[in-house]
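Subject: Structure handover

Hello,

Here is the structure for your files. My notes on it follow below.

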Amino acid sequence: MVMATSLRRCGRRLVSSVFNNREFSTTFQGNKAIQQQHEQLQETGKSLNLCSAINQALHIALETDPRSYVFGEDVSFGGVFRCTTGLAEKFGKKRVFNTPLCEQGIVGFGIGLAAMDNRAIAEIQFADYIFPAFDQIVNEAAKFRYRSGNQFNCGGLTIRTPYGAVGHGGHYHSQSPEAFFCHVPGIKVVVPRSPREAKGLLLSCIRDTNPVIFFEPKWLYRLAVEEVPEHDYMLPLSEAEVIREGSDITLVGWGAQLSIMEQACFDAEKEGISCELIDLKTLIPWDKETVEASVRKTGKLLISHEAPVTGGFGAEISASIVERCFLRVSISIYKFVFSCIDTSI
C-alpha cells in the first residue's frame, strides 16, 4: 500500500522531469545518423502511456520488416496488458499469434525462428513465469553464436516480459528477476523507464544482432504518460543517461525505480544535498564509464533496485565501481553503498 501511494505521488513529477530530460553523451552525438534521430526526438509527438508506446514500437517493427513475428500467450487479442492490441488484425495471424501456455516452448520456438534469420519477438506474460524457459535462454539462446564459432546465431530474438510490483500482484506477479540473466554472457538485458525510452529501446533490441530480454515495468504501463514521437527511431543500448546532474552523491537505478529515486533527489535537495541521477537502461553490458565518471566527481554512490538485495545487480555495480574508484570513495561511503542497495519485495 505504501509503495502504491508513493508511485502515484511520484507519477506526475516524474513525467515532467525524468521522462523529458534528453541529454546524450558526446560519443552518442558523434554519430551523425543517431544525432539526427536525437534532433527528431525533440519534435512534439503524441501523448502515449508506456503500454501504447510498446504497441507502437511493435507496429513499426512488423511494418518495416516482413521477417518480424510477435507471439506468446494471448497476444493475438492484445495480451493481459493490451500491449499487442490491434496487431493481429493488421498484420494477420500468421505473424501475430497465440502460443500454448509453455514458456520453454515459446522461447525455444523463438530461438529456432531467429536462427532462420527472422525477428522473433516473444512475449512472456509475466517475468515471474520466465523461469521454465531459463534453460532455453541461458544454455541455448545465449550460447548459440559462441558454440558455432559465429557461423550461426539467434540474434534476432527479443523476449518481452513485464516485471516488478504493482501493489496487488502477490508473490507470483511481482518479481524482478533481471539479475538471474545478468550472469549470462551472450544476451543483453534492457529495462526502460518511460514511454519514449521504451519505444526507442525496444526497436533497438528487436534490430540488435544479439538476443535480448526486454523487461517492461508493469506499473508504468498506464501511469507513465509523455509525448512520444510517432516516427521510427532507436535509442542506443549500453549507454547510461545522466538525467539529473549533481555534485554530492551519485544515484544509479533502472526501470520503475527511477521514479522513487527522483523523489529522493527532490527531498534531498530540500536539505541542501545535490544528487546526480543516472538511468542505466541496459544492465548487460552496462555503461561503467558513465557511472565511474559521476562517482569520481561526487565521491559517493547509492544504487537502488526493486529486486532482492542478495545477489542483486546492484552488488555488481558496487563491486565494479569500488574497484575503479577505490581511492575516490571513502570507507564510510563504501559501507553505505552496500547497505543501501534498495528494497526486497
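Which residue in strand 5 is the bridge partner of Ala122? It is Ile159. Strand 4 (residues 119-123) and strand 5 (residues 157-163) pair in the parallel sense, over four bridges.

First, the ground rules. This is a predicted model: local features need pLDDT of at least 70, side-chain atom pairs count only at pLDDT 80 or more, and totals for chains, interfaces and linings use all residues. Residues are numbered from 1 along each chain as its sequence is written, and side-chain values use heavy atoms, with hydrogens and water left out.

Overall picture

The protein has 15 helices and 13 strands. These are DSSP runs numbered from the N terminus: helices are H or I with at least four residues, strands are E with at least two. Of its 345 residues, 57% count as buried. Buried means under 20% relative accessible area, exposed over 50%, and partly exposed in between, with a 1.4 Å probe and protein chains only. Among contacts with a separation of 6 or more, 83% join residues 24 or more positions apart. Contact means heavy atoms within 4.5 Å.

Seven strands form an open sheet, ordered 3-2-4-5-7-6-12, with mixed pairing. Strand 3 (96-98) and strand 12 (282-284) stand at the edges; each has a single partner strand, so one side of each is left without a neighbour in the sheet. Neighbouring strands are turned by 20° against each other on average, direction ignored. Two strands pair if DSSP finds at least two bridges between them.

Strand 2 (68-72) has four of its five residues buried, so it is largely enclosed by the rest of the structure. It pairs with strand 4 in the parallel sense over five bridges. Ser68 stands opposite Arg119 there. Strand 2 also pairs with strand 3, again in the parallel sense, over three bridges. Val70 stands opposite Val96 in strand 3.

Helix 4 (residues 50-64) lies across strands 2, 3, 4, 5 and 7, running at about 135° to strand 2. Axes are lines fitted to C-alpha atoms, for helices over the stretch in contact, and angles run from 0 to 180 degrees between N-to-C directions.

Leu203

Leu203 lies in helix 10 (residues 195-207). It is buried, with a relative accessible area of 0%. Leaving out residues up to four places away in sequence, Leu203 touches Ala57, Ile60, Ala61, Asp232, Tyr233 and Met234. Its C-alpha atom is separated by 9.2 Å from that of Ile54, 149 residues apart along the chain.

Strand 10 (residues 249-253) and strand 11 (residues 275-279) pair in the parallel sense over five bridges. Ile249 has Cys275 as its bridge partner in strand 11.

Helices 13 and 14

Helix 13 (residues 288-298) and helix 14 (residues 313-325) pack at an angle of about 60°, with axes 10 Å apart. Lys288, Glu289, Val291, Glu292, Val295 and Arg296 in helix 13 meet Ser320, Ile321, Arg324 and Cys325 in helix 14.

Best wishes
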